[in-house]
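Let us walk through this structure together, one neighbourhood at a time. Please keep the sequence and the 3D view open as you read.

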Amino acid sequence: MRTPYTHETLLQDFTNLGIAQGDTLFIHASFKSLGTIEGGAGTVISALEATVGAEGLILMPTFSLLPSREERVAAWNVNKTPSTVGWLTEFFRQMPDTYRSDHYSHAVAARGKDAKAFVSDHLRREGYESPWDHHPWGKTYGTHSPMLRAYKANAKILMIGIDYETSTYIHLVEVIHWNKRLTDDPQAEYIRLKRPELGAFWEGLGQLRQGRVGDSMCRLFHIKTYVDTLLVEVERNPEPYVV
């Protein structure tokens, strides 16, 4: 039987991948892909916290993606509604001193430096329109949303054992693209993009780090570079990527 991975081995793996002290990380993760972890999900999070240090910030999606908007709205309680996007995110959400943004479907949770402030304004309604906007909640990807703040803060995406099908930041590419088109045509339709195809394009550019953490193959890259690069590609050559 394989020896479980420890806090120390995970810390070394995260460091080798390129995570640094002071980083802001937005994490998509398959917990089971990591293999057997001594201490479970808490060990993974403590290793991440040690890797980014006291000046760092950890963000995770804690989305409530029930089948319909009506179900999401009816079920929403910022303190109690479970995350539906993986066990690690749900464990993270429930930890003491984790703060969660108030959005009925696309809530983000945070731990670390200025975590509460980072996610506290998701009810505000300035900025980009998106299909998930629903009163009384704020703009899903608006000026004060955690995901746009992470983009503007030059944060990094850490993908643990998942592929680009779960890359939520492609929604931000869609949203920016749509809002640019709305300025010329208020009736412009929202265009959904093919995540695997955009992921393959991105990987071909080589602007990311890849490596193993535990048993999991992981990817690390800057959110702003990713979003801006994909936006340029979609505007230049939309046909391969439009659903």
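Leu 172 touches Tyr 141, Leu 148, Tyr 151 and Val 227, leaving out residues up to four places away in sequence; a contact here means heavy atoms within 4.5 Å. Before we go further, please note that this is a predicted model, in which local features need pLDDT of at least 70, side-chain atom pairs count only at pLDDT 80 or more, and totals for chains, interfaces and linings use all residues. Residues are numbered from 1 along each chain as its sequence is written, and side-chain values use heavy atoms, with hydrogens and water left out.

What surrounds Leu 172? It is among the residues with the most contacts inside the largest nonpolar core, together with Leu 59, Tyr 169, Phe 221, Ile 223, Tyr 226 and Val 227; this core has 46 residues. A nonpolar core is a set of buried Ala, Val, Leu, Ile, Met, Phe, Trp, Tyr and Cys residues joined through side-chain atoms within 4.5 Å. Buried means under 20% relative accessible area, exposed means over 50%, and partly exposed is in between, with a 1.4 Å probe and protein chains only. Several elements supply at least two residues each to this core: strands E2 (57-61), E4 (108-112) and E5 (156-160), and helices H5 (115-118), H6 (146-152), H7 (169-184), H8 (195-205) and H9 (223-236). Helix H7 gives the largest share, eight residues. Apart from this core lies another, of 27 residues, among them Leu 17, Ala 29, Leu 34 and Val 44. In soluble globular proteins, nonpolar side chains tend to be buried together.

Now step back to the whole protein. It has nine helices and seven strands; these are DSSP runs numbered from the N terminus, helices being H or I with at least four residues and strands being E with at least two. The C-alpha trace spans about 60 × 40 × 30 Å along its principal axes. The radius of gyration is 18 Å, which agrees with the value near 18 Å for a compact globule of 243 residues; it is taken over C-alpha atoms, and the globule rule is 2.2 Å times the number of residues to the power 0.38. Of the 243 residues, 52% count as buried. Among contacts between residues at least 6 apart in sequence, 67% join residues at least 24 apart.

With that picture in mind, visit strand E4, where Ala 110 lies. Is Ala 110 buried or exposed? It is buried, with a relative accessible area of 0%. Beyond its neighbours within four places in sequence, Ala 110 is in contact with Leu 57, Ile 58, Leu 59, Phe 92, Asp 97, Thr 98, Tyr 99, Ala 115 and Val 119. One of these, Asp 97, is 13 residues away in sequence, and its C-alpha is 8.7 Å from that of Ala 110.

Asp 114 is exposed, at 55% relative accessible area, and has a positive phi of about 55° although it is not a glycine. Asn 154, in the loop between H6 and E5, also has a positive phi, near 60°. Asn 154 is partly exposed, with a relative accessible area of 42%. Most residues other than glycine have a negative phi, and most peptide bonds are trans. Which bond is cis, with omega near 10°? The peptide bond from His 135 to Pro 136 is, and Pro 136 is found in the loop between H5 and H6.

That loop between H5 and H6 also holds Ser 130. Ser 130 counts as buried at 6% relative accessibility, and touches Thr 140, Tyr 141, Val 175 and Trp 178, not counting residues up to four places away in sequence. Helix H6 itself contains Arg 149, which counts as buried at 19% relative accessibility. Under the same exclusion of residues up to four places away in sequence, Arg 149 touches Ala 117, Phe 118, Val 119, Ser 120, Asp 121, Thr 143 and His 144.

Our last stop is Pro 96, in the loop between helix H4 (87-94) and strand E3 (99-100). Pro 96 is exposed, with a relative accessible area of 63%.
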